[in-house]
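Thanks for coming. I will go through one model today, starting with its rings and ending with its surface.

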Amino acid sequence: MYKISYTGDGENNEFVFTFPFFQDEDVRVCIDNVLLDNTQYDVNANEDFSGGLVVFPSAPESGKQIDIFRQISLNRIIDYQPTIKIDPEDLNSDFNFLLAAFQDFRNIDIDLSEWANIHDTLLTQIHYAIQTIEDKMSGGAVLGLYNNLLNVLDGALPKLINDYGSVTEPADTENNDDYGSI
């Protein structure tokens, strides 16, 4: 993986990188492991796209880790037309682009057995969460809570109305619960 790291000094807002890329969107920047949107910096490419300069509007704070790396933007640069002769330079450029994208994938350092364990554990947790949600939503808990609420309200509302008088009649004046007409 093509990557260069700097530590911010609070004054410098321009950082050099010397790895090949194809378009400005291929150059990505993180500050303290937070990926920045490509509108938060400018890329000034060398003429042959063999490197360039990342320029921030203002200097990153002192002590901040700045990582500049290549992440090939997987979209077509060249669109071949069926009725137009294919230019060998365009074809070579396209193949170089694909080769660079595959190199970036290959340079990701990952232990496949560790990935399999993480994947299996994560998949098990996702299936458990889905099953739990489906169980709760299928009538067990949600419907049970709803029915319990209805039973409580069914038993409590008549008593509340009787304690304070019906909606159309004045409340009893002989007890301490007199609120007048409801």
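How many aromatic pairs does the structure hold? Seven, where rings of Phe, Tyr and Trp (its six-membered ring) pair if their centres lie within 6.5 Å, and planes under 30 degrees apart count as stacked, over 60 as edge-to-face and the rest as tilted.

Before I go on, the sourcing. This is a predicted model, in which local features need pLDDT of at least 70 and side-chain atom pairs count only at pLDDT 80 or more, while totals for chains, interfaces and linings use all residues. Residues are numbered from 1 along each chain as its sequence is written, and side-chain values use heavy atoms, with hydrogens and water left out.

Now the overall layout. The protein chain has three helices and seven strands; here helices (H or I, at least four residues) and strands (E, at least two) are DSSP runs, numbered from the N terminus. The order from the N terminus on is β-β-β-β-β-β-β-α-α-α. Of the 182 residues in the protein chain, 20% are buried. For burial I use relative accessible area: buried is under 20%, exposed over 50%, and partly exposed in between, with a 1.4 Å probe and protein chains only.

Back to the rings. One of the aromatic pairs is Tyr 6 with Phe 15, a tilted one, at 5.1 Å centre to centre and 50° between the planes. Tyr 6 is partly exposed at 24% relative accessibility, and Phe 15 is buried at 3%. Phe 15 also pairs with Phe 56, this time edge-to-face, with 5.8 Å between centres and 75° between planes. That pair links distant parts of the chain: Phe 15 sits in strand E2 (residues 14–17), and Phe 56 in the loop between strand E6 (52–55) and strand E7 (65–70), 41 residues apart. Both Phe 15 and Phe 56 are buried. There is also an aromatic cluster made up of Tyr 2, Phe 17, Phe 19, Phe 21 and Phe 49.

Next, the open sheet. Four strands make it up, in the order E1-E7-E3-E4, with antiparallel pairing. Strand E1 (3–7) and strand E4 (34–35) are at the edges with a single partner strand each, so one side of each has no neighbour in the sheet. Strand E7 holds Arg 70, which counts as buried at 4% relative accessibility. Its side chain reaches the backbone oxygen of Pro 20 at 3.2 Å. This is a polar contact, that is, a pair of N or O atoms within 3.5 Å; within protein, one must be able to donate a hydrogen and the other to accept it, and residues adjacent in sequence count only if both atoms are side-chain atoms.

At the other end of the sheet, E3 (residues 27–31) and E4 run antiparallel and are joined by two bridges. Ile 31 has Val 34 of E4 as its bridge partner. In the loop between E3 and E4 we find Asp 32 and Asn 33. Most residues other than glycine have a negative phi. Asp 32, however, has a positive phi near 50°, and Asn 33 has one of about 65°. Asn 33 is exposed, at 63% relative accessible area.

Which side chain meets Asp 32 in a salt bridge? That of Lys 64, at 3.3 Å, N to O. A salt bridge here is a side-chain nitrogen of Lys or Arg within 4 Å of a carboxyl oxygen of Asp or Glu. Lys 64 lies in the loop between E6 and E7 and Asp 32 in the loop between E3 and E4, so the pair ties together parts 32 residues apart in sequence. A search of the whole structure finds one salt bridge. Lys 64 is partly exposed at 27% relative accessible area, as is Asp 32 at 35%.

Last, Leu 98. Leu 98 is in helix H1 (residues 88–106) and is partly exposed, at 42% relative accessible area.

That is the tour; questions are welcome.

Notes
Pairing = 2+ DSSP bridges.
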